[in-house]
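Let's take a walk through this fold together, strand by strand and helix by helix. Keep the picture open while you read.

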Amino acid sequence: MASLNADQLGQTLSRLAASNGIRQWDLGAACSSDTSVQVDRGEPKQLKGAQRSSITVRVWNGDGLVGTTSTSDLSDSGLERALTGAQAASAFGNPDDTPAFSPLATAPVAQLDQPLHAPQGILHLLHTLKDAEQELLGRHSAIGTVPYNGLAERSSERLYLNSDGARRQQRLTTASVYLYARAEETGRKPRSAGAMRLAYGASDLDIAGCIDEAAERTISHLDYAPIQTGHYTCVFSPEAFLDLIGAFSSLFNARAVLDGVSLSNRDSLGQALAVPFLDLHDNGLHPGNIGASAFDGEGTPTRRLALLEGGVLRHFLHSEATARAFGVDPTGHAGLGAKVSVGPDWFEIGPTPGSGGGQAGLNRFQADQPLVWIDSLSALHAGVKASQGSFSLPFDGWLVEGGHCRSIEAATVAGDIRQVLQSIVGFEGEAKITPDGLCPMVWVDGLSITGEA
């Protein structure tokens, strides 16, 4: 993929804008080159290569209204068409929602340690994945297929430029592998589980660890039994708890607050939302965040932001427009478009320093009561009512009783996110780095579990 030159592109845009009487403009671009492979019982199932580019241009007219256009053509004529198209569209801009440049678009950004790796090529990826699938199939006689698998590498580049002199550019290489195995024993239901790993290059992927985790989790679900419906103390895996918090991230989203689709409102800051020993930060700059961005879609630097400290709501996630409405600085969580979106980067969840972190010494294998250990949640798109706070989600997990684990045949966990945050008992083990964030095991009291009828 040919590298873009932010300075040269900025000069070209400035010249084209001036010749068309455009005084205020900005551009956000994301370009990537992707290679991925999938296999099926030793045979290639899918080999893909793709180059993508997504370029958004915004132009402000003399009345302060904004027009937006998209293009994939970075030639002079393509850029000129995009500028004049956005200029024409600005006549139809929404006067009630006029974004402006982020005041931090020219502030210094963090220097991230993200080594660039040369691509290994599609044939190398194919052989590596075939070997991984074969090894996973050999781990247990019940594992018959690995129906979902993939090994991919990507080279990407992001830009943000504006007419006030902002020049942001970031290059990145990433790689990922996922293995999802299916096991079945005679007269029993099939059971599935998987694992994934991320790295800056395919050569750095922990493929052996991915195979081990996928095999261990799949085999652990073979001996399953139904669970009685009732209320249980639940132990969420780091991945499951991060998924649940992510599904309700509108709690912290200023755009959702302004649009009236969040459980929070303007007066929620400073209120206790959770137990007094819970801290939740959004930290896109964490070294464990493979694929971290140094800046958001509006050029605002990414930073660590306290959302909950000691259970108290401290900040919302902001774009330039929402920050202006609240009288604060943007936080680096904006997309770029006609209506600017706001979203989280990467969560850090754990005990508040100095608080003791709730109940100490928690160990699910030494508990004096039956526990439900929730490994992964499903149907998050359908089972969550974010604006109401409620959820009812199928899950994979185990009933832990007297130190013994038994896989749960089929069940759902239901509750209210506000109740969950107020019912956290404590944390077990060290925080684990996952693709979505950093989190330990989280114990939550009194959740409703419905077994299969």
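Two strands are said to pair if DSSP finds at least two bridges between them. Helices (H or I, at least four residues) and strands (E, at least two) are DSSP runs, numbered from the N terminus. What you're looking at is a predicted model, where local features need pLDDT of at least 70 and side-chain atom pairs count only at pLDDT 80 or more, while totals for chains, interfaces and linings use all residues. Residues are numbered from 1 along each chain as its sequence is written, and side-chain values use heavy atoms, with hydrogens and water left out.

**The six-stranded sheet**

Let's begin with an open sheet of six strands, in the order β3-β2-β1-β4-β5-β6, with antiparallel pairing. At its edges sit β3 (66-71) and β6 (191-199), each of which pairs on one side only. From one strand to the next, the twist averages 15°. For angles like this, axes are lines fitted to C-alpha atoms (for helices over the stretch in contact), and angles run from 0 to 180 degrees between N-to-C directions. What holds a sheet together in general? Strands of a sheet pair through backbone hydrogen bonds, either parallel or antiparallel.

| Strand pair | Bridges |
|---|---|
| β1 and β4 | 12 bridges |
| β4 and β5 | 16 bridges |
| β5 and β6 | nine bridges |
| β9 and β12 | five bridges |
| β9 and β10 | four bridges |

Val-37 has Leu-151 in β4 as its bridge partner. Tyr-148 is bridged to Tyr-180 in β5, and Ser-176 to Leu-198 in β6.

Strand β4 is mostly covered, with 14 of its 20 residues buried. Buried means under 20% relative accessible area, exposed over 50%, and partly exposed in between (1.4 Å probe, protein chains only). β4 also forms a hairpin with β5: four residues lie between the strands, and Gly-165 there takes a positive phi near 100°.

**Helices on the sheet**

Helix α2 (residues 76-89) lies across β1 (24-40), β2 (43-60) and β3, running at about 150° to β3. Helix α3 (residues 122-137) packs on the sheet too, touching β1, β2, β4 (143-162) and β5, and its direction makes about 145° with that of β4.

How do the helices meet each other? The axes of helix α1 (residues 6-19) and α2 come within 10 Å and cross at roughly 55°. That makes α1 oblique to α2, because angles under 35 degrees count as roughly parallel, over 145 as roughly antiparallel, 65 to 115 as roughly perpendicular and the rest as oblique. α1 passes α2 in a right-handed crossing; a crossing is right-handed if the near helix is turned clockwise from the far one by less than a right angle, and left-handed if anticlockwise. Residues of α1 that take part include Leu-9, Leu-13 and Leu-16, and among those they meet in α2 are Leu-79 and Leu-83.

The pair α3 and helix α4 (residues 207-220) packs at an angle of about 30°, with axes 10 Å apart. Their crossing is right-handed as well. Thr-128, Ala-132, Glu-135 and Leu-136 in α3 meet Ile-207, Ile-211, Ala-214 and Ala-215 in α4.

**A look at β9**

Leu-280 has Ile-349 in β12 as its bridge partner, and Asp-282 has Leu-305 in β10.

Zoom in on His-281, which is found in β9. Is His-281 buried or exposed? At 7% relative accessibility, it counts as buried. Its side chain makes a polar contact with the side chain of Arg-304 (3.4 Å). A polar contact is a pair of N or O atoms within 3.5 Å; within protein, one must be able to donate a hydrogen and the other to accept it, and residues adjacent in sequence count only if both atoms are side-chain atoms. Other residues that His-281 touches include Trp-346 and Phe-347.

For contrast, go to Ser-141 in the loop between α3 and β4. Ser-141 is exposed, with a relative accessible area of 78%. From Ser-141 to Leu-278, you cover 137 residues in sequence and 43 Å in space, C-alpha to C-alpha.

Note on methods
Contact means heavy atoms within 4.5 Å. Lists of a residue's contacts leave out its neighbours within four places in sequence.
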